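Here's a quick tour of a protein chain, made for someone just starting out. Have a look at the picture first, then read on.

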Amino acid sequence: MEKLTNKEEEIMQALWKLEKAFAKEVQAELKNTVHYNTVSTIIRNLEEKGYIDHKAYGKTHQYFPVITKEMYRNNFVSKAMSQYFNDSYKNMVSFFAKEEKITAEELREILDVIEQKK
């Protein structure tokens with residue numbers, strides 16, 4: 001699975017939220033104003049990459065995600081774990097703790113989840 005650009009991710013976020021949409025609906029969902037032609041081009045690129053597909057209604061296309069948000073997230077996290085944390089969840093959690101991005105209470109909640117899985 002190929003890493004997406006920021007704009008591609010933004011459009012995928014919109015499609016995951018909308019579930020299916022025409023290019024104009026995707027454009028309306030974006031936070032920053034992006035020209036329709038740009039949105040259309042990015043959508044076509046996402047389709048070529050296999051992230052989305054479409055249903056044709058005459059000359060108009062309604063797009064929908066083929067890759068789920070969970071599939072993309074799992075791939076993204078796996079690559080980040082490999083590239084930045086030597087495939088170690090301990091290293092990743094330690095990083096967030098050192099950077100004060102996670103609290104002791106949140107760590108306790110994670111431990112509770114782990115304990116419940118046993």
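Which residues does Ile52 touch, not counting residues up to four places away in sequence? They are Met12, Leu15, Ile43, Leu46, Glu47, Tyr63, Phe64, Pro65 and Val66. Keep in mind that this is a predicted model.

**Ile52**
- You'll find Ile52 in strand β2, which covers residues 52–57.
- Ile52 counts as buried because its relative accessible area is 2%, and buried means under 20%.
- Ile52 and Glu100 sit 48 residues apart along the chain, and their C-alpha atoms are separated by 37 Å.

**Leu46, one of the contacts of Ile52**
- Leu46 belongs to helix α3, made up of residues 36–49.
- With a relative accessible area of 0%, Leu46 is buried too.
- Leaving out residues up to four places away in sequence, Leu46 touches Leu4, Glu8, Ile11, Met12, Tyr51 and Ile52.
- Take Glu8 from that list: Leu46 and Glu8 are 38 residues apart along the chain, with 7.1 Å between their C-alpha atoms.
- Met12 turns up among the contacts of Leu46 and also among those of Ile52.

**A patch on the surface**
- Now for the outside: Ile110, Leu111 and Ile114 form a nonpolar surface patch.
- Together, these three residues have about 260 Å² of accessible area.
- Ile114, one of the three, is in helix α6, which spans residues 104–117.
- Ile114 is partly exposed, so what's its relative accessible area? The value is 43%, which falls between the 20% cut-off for buried and the 50% cut-off for exposed.

Terms used:
Residues numbered from 1 in each chain as written. Predicted model: local features only at pLDDT ≥ 70, side-chain atom pairs only at ≥ 80, totals over all residues. Heavy atoms only, no water. Helix = DSSP H or I, 4+ residues; strand = E, 2+ residues; numbered from the N terminus. Buried < 20%, exposed > 50% of the residue type's maximum accessible area, 1.4 Å probe, protein only. Contact = heavy atoms within 4.5 Å. Patch = residues over 30% accessible without salt bridge, like charges linked within 9 Å, V, L, I, M, F, W, Y side chains within 5 Å. Areas by Shrake-Rupley, 256 points an atom, 1.4 Å probe, with all protein chains shown as cover. Salt bridge = Lys/Arg side-chain N within 4 Å of Asp/Glu carboxyl O.
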